[in-house]
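Trainee: I'd like to learn how to read pockets, sheets and charge pairs in a model like this. Can we take them in turn?

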Amino acid sequence: MTAPARRVSARLGAIAPSATLAVDSKAKALKAAGRPVIGFGAGEPDFPTPDYIVEAAVAAAKDPKNHRYSPAGGLPELKQAIAAKTLRDSGYEIDPASVLVTNGGKQAVFQAFAAIIDPGDEVLLPAPYWTTYPEAITLAGGVPVEVFAGAEQDYLVTVEQLEAARTENTKALLFCSPSNPTGAVYSAEQTKAIGEWALEHGIWVLTDEIYEHLLYEDAVFSPILKLVPELADQTIVLNGVAKTYAMTGWRVGWMVGPMDVIKAAGNFQSHLTSNVANVSQRAAIAALEGGLEAVHEMRTAFDRRRRTMMSMLREIDGVVCPTPKGAFYAYPSVEGLIGRTVRGKEIASSADLAGVILDEVEVAVVPGEAFGPSGFLRLSYALGDEDLAEGVGRIQSLLAE
């Protein structure tokens with residue numbers, strides 16, 4: 001008897017759903033059912049998109065020229081705005097032709113790996129990592145190689161760790177600072193050392209800079225191409241407007257890289273999605289050209305919430321939480337809670353703990369298994385001050401029993 005034909009391809013069947021979106025979806029479903037759920041899952045600012053950006057989109061929607069196809073790689077005006085923004089924020093010049101505008105940052109990530117990875121190529125992936133990275137690497141035929149840095153290292157990998165993981169098959173390094181999920185920020189010295197190591201060994205660098213403006217205390221954004229400009233021919237910069245301007249739903253990201261890579265990724269996009277929605281692109285132009293005042297106001301609120309969350313988490317016995325200095329996430333180690341029993345349920349992993357927290361006190365957090373090793377939780381502080389204090393307070397009360 002012949003085996004039944006596979007209905008779903010092995011390639012797509014192997015993809016795990018986004019853990020962060022799954023947690024957020026469950027929290028929203030419970031809330032819609034009338035439950036007092038507080039969600040720390042989604043990496044999404046709770047602020048509305050600034051008015052001047054929305055007004056630009058409304059005007060764009062009324063202009064018939066935006067009702068038609070536009071260049072698949074992005075509006076020329078937006079590419080110019082991205083080049084100007086790169087000079088302003090990162091301190092180096094790029095050619096607008098080296099920009100490819102994508103449907104959000106995720107598409108930029110997928111196309112970057114698709115453009116440079118062949119089957120069997122290894123990609124060094126500092127862990128904890130954003131849940132989408134390994135899926136994008138695998139879909140491109142690559143092999144994710146985790147390089148783990150725990151709480152005792154403030155979640156920052158070293159050149160020595162990267163070198164220990166390098167093999168003859170190493171093609172690329174994924175570099176994310178400020179980091180999702182940990183909020184860790186590499187110093188200029190650390191970033192430069194990693195860039196020089198990659199240059200020495202001919203390793204591609206994919207640098208995700210989408211949290212560049214969300215920095216606290218003494219943290220400074222250190223663009224790897226500003227520090228090691230010789231890397232330009234083997235670096236792809238990933239970015240977008242989602243986090244900086246509270247525009248997660250507008251779906252505008254971009255990738256910047258060598259012309260041959262951008263051309264290949266652009267050809268792929270021409271078949272995959274064509275152009276990003278023109279109204280969203282016009283809104284992105286307004287965002288990038290409109291300055292950073294609204295961003296600074298949001299950052300002030302994030303910083304206040306960050307300090308509240310850190311203070312409350314550190315009051316929980318068994319929880320260790322390095323100080324996040326970027327993005328809007330805390331990433332406490334809960335390794336000290338593994339093996340305990342909470343309301344009759346034994347905690348064998350951070351996934352178990354996240355499940356108990358949701359079931360018992362109706363607070364949604366994302367377990368460390370979504371980002372690498374077990375033993376951690378990710379909590380976003382991109383939510384209102386009252387909800388934040390109430391949610392962490394519920395966790396405190398549960399774990400104090």
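**Reading the features**

Trainee: Which elements each supply at least two residues of the lining of the second largest pocket?

Mentor: α2 and β1 (38-39) do. This is a predicted model, so to speak of local features we need pLDDT of at least 70, and of side-chain atom pairs pLDDT 80 or more, while totals for chains, interfaces and linings use all residues. Residues are numbered from 1 along each chain as its sequence is written, and side-chain values use heavy atoms, without hydrogens or water.

Trainee: What counts as a pocket or an element?

Mentor: Rolling a water-sized probe over the atoms shows where empty space is left. A pocket is an open set of points on a 1 Å grid over the protein atoms alone, where a 1.4 Å probe fits, with protein on both sides within 12 Å along at least five of seven lines; lining residues have an atom within 4 Å of a point. Elements are DSSP runs numbered from the N terminus: helices (H or I, at least four residues) and strands (E, at least two). Here, α2 gives the largest share of the second largest pocket's lining, four residues. That lining has 17 residues, with Asp-24, Lys-28, Lys-31, Gly-39 and Leu-383 nearest the centre.

Trainee: How many residues line the largest pocket?

Mentor: There are 27, and Gly-43, Lys-106, Trp-130, Lys-243 and Arg-251 lie nearest its centre. Two or more lining residues come from each of α2 (19-32), α5 (104-116) and β7 (235-240).

Trainee: In what order do the strands of the open sheet run?

Mentor: Strands of a sheet pair through backbone hydrogen bonds, parallel or antiparallel. Pairing here takes at least two DSSP bridges between two strands. The seven strands run β2-β8-β7-β6-β5-β3-β4, with mixed pairing. At the edges, β2 (99-102) and β4 (143-148) each pair on one side only. Within the sheet, β7 and β8 (residues 253-256) are antiparallel and joined by four bridges, and Val-237 stands opposite Val-256 in β8.

Trainee: And how do I read a salt bridge?

Mentor: Side chains of opposite charge can pair when their charged atoms come close. The rule is a side-chain nitrogen of Lys or Arg within 4 Å of a carboxyl oxygen of Asp or Glu, and it gives 20 salt bridges here. One joins Lys-85 and Asp-89, at 2.9 Å from N to O. Both residues sit in helix α4 (residues 76-90), four residues apart, about one turn of the helix.
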